[in-house]
Amino acid sequence: MTNKVERSLFDDVMVPCYNPMSVIPVEGKGSRVWDQEGKEYVDFAGGIAVSCLGHCHEDLVNAVTTQANKLWHLSNVMTNEPALRLAKKLTDISFADKVFFANSGAEANEAALKLARRVAVDKFGADKSEIIAFKKGFHGRTFFTVTVGGQEAYSDGFGPKPGQVTHLEYNDVDALKAHFSDKTCAVMMEPLQGEGGIISSSPEFIKAVRELCDEHNALLIFDEVQTGNGRTGTFYAYEGLGITPDILTTAKSLGGGFPIGAMLTTDEFAPHMKVGTHGSTYGGNPLACAVAEAVVDVVAQPETLKGVKEREALIREGLQQIDEKYDVFSELRGQGLLLGAVLNDQWKDRARDILVAAGQHGLMVLVAGTNVVRFTPSLIIPIEDIKEGLARLDKAIASLR
Ligand SMILES: *Cc1c(COP(=O)(O)O)cnc(C)c1O
């Protein structure tokens, strides 16, 4: 074996649940990334809506190196300063009073579902166990969260699933009203479906969900793993929707590229997770929390959030111009820097082709399903990088015609 690490090694040594592209990026700065060959990319993906401050942001590099020279890990037998400071920041900035730290979105959601079930059992008994969730929803890959997610392709084939999970049509107020009962323990939803195709919730639907939860003593869990931390232009997306959830989960952008997740809830529900009911070895890790603190400090600044909307406008405008030239999109969806360009009939299901061609032209984009090209760049992507990225997308699409 030579010293050079190549894509072919993946097939030799990795479990084949992914099929990564042939290039291997080795370095990033801001919204530019370089691969092993020195080829440069503009990053409109940010991982998958993770690198919210781009690559190697100075404040995050400082936070991780400062903490790395102090203390890496303790366990939850003791608490630590970064975890407490981060929890204080998250509760100050949101509806929540209490935080549970995990290491990923799925784990934050697992905690949320377990809390909701525990609250129902404590207050109303074991019969109140139904989780209502929505088709095309995505909540992670643990067995409970993938079962609550609305894509059977992801949850089938692993034997018996956790029970009492119902999937309804997203944005269907009548179906929700017809189905809700006192047996409903919680509703879990994304305020804007990400993986499912960048689908916004309607105001009537959001209002109905909140009202029905209140009427039936069910908890409303907002999965803001993808929408959170400034992505839609407010710190959390619920702020723009006029309602407040009982539990909110956050991960992805929270760590800006360092693994962390969190479940946020209120003083009313948190006490049900008393000592011993739940836990995580790495949850609240000082390194992760130190980085996330730095992320929150930058993202929560009004200029950052205002910048998200300005960048959204620029990207939408650029995509419209591309569409005028090549007639490729039927619709632009999403909010802030969580945007989806839906392909029209002529281009149907060619999202992956566009992703590959974009890569060849030095641009990283994402897909959401087979028919939507997804854009989730850094919240502070420089304006010239937006222009350059759109120019590369233009060339990539031209090359496919
Ligand atoms: C990515 C995602 C998850 C899963 O997060 P992981 O960190 O991969 O476990 C859960 N919910 C939503 C809405 C997501 O976008």
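Tutor: Gladly! This is a predicted model. The unreviewed UniProt entry lists Arg141 and Ser280 under "binding site". From this set, Ser280 belongs to the lining of the second largest pocket.

Student: Why is Arg141 called exposed?

Tutor: Its relative accessibility is 55%. Exposed means over 50%, so Arg141 counts as exposed. You can find Arg141 in the loop between β5 (130-134) and α6 (143-148).

Student: And why does Ser280 count as buried?

Tutor: Here the value is 19%. Ser280 sits in the loop between β12 (261-265) and α10 (286-299). Leaving aside neighbours within four places in sequence, its contacts are Asn76, Phe100, Phe101, Asn103 and Glu107.

Student: What makes the link between the side chains of Ser280 and Asn103 a polar contact?

Tutor: The distance is 3.3 Å. A polar contact needs a pair of N or O atoms within 3.5 Å, so this pair qualifies.

Student: Which polar backbone atoms lie at a listed distance from an oxygen atom of the ligand?

Tutor: One belongs to Gly105, at 2.9 Å, and another to Ala106, at 2.7 Å. A nitrogen atom of the ligand is also 3.2 Å from a polar backbone atom of Phe138.

Student: How much of the ligand does the protein cover?

Tutor: It covers 81% of the 380 Å² of accessible area that the ligand has on its own.

Note on methods:
Residues are numbered from 1 along each chain as its sequence is written. This is a predicted model: local features need pLDDT of at least 70, side-chain atom pairs count only at pLDDT 80 or more; totals for chains, interfaces and linings use all residues. Side-chain values use heavy atoms; hydrogens and water are left out. UniProt positions are given in the numbering used here, feature names are shortened, and annotations may be inferred rather than shown by experiment. On a 1 Å grid over the protein atoms alone, a cavity is a set of points where a 1.4 Å probe fits but cannot get out, and a pocket is an open set with protein on both sides within 12 Å along at least five of seven lines; lining residues have an atom within 4 Å of a point. Helices (H or I, at least four residues) and strands (E, at least two) are DSSP runs, numbered from the N terminus. Buried means under 20% relative accessible area, exposed over 50%, partly exposed in between (1.4 Å probe, protein chains only). Contact means heavy atoms within 4.5 Å. A polar contact is a pair of N or O atoms within 3.5 Å; within protein, one must be able to donate a hydrogen and the other to accept it, and residues adjacent in sequence count only if both atoms are side-chain atoms. Accessible areas come from the Shrake-Rupley method with a 1.4 Å probe; for residues, only the protein chains shown count as cover.
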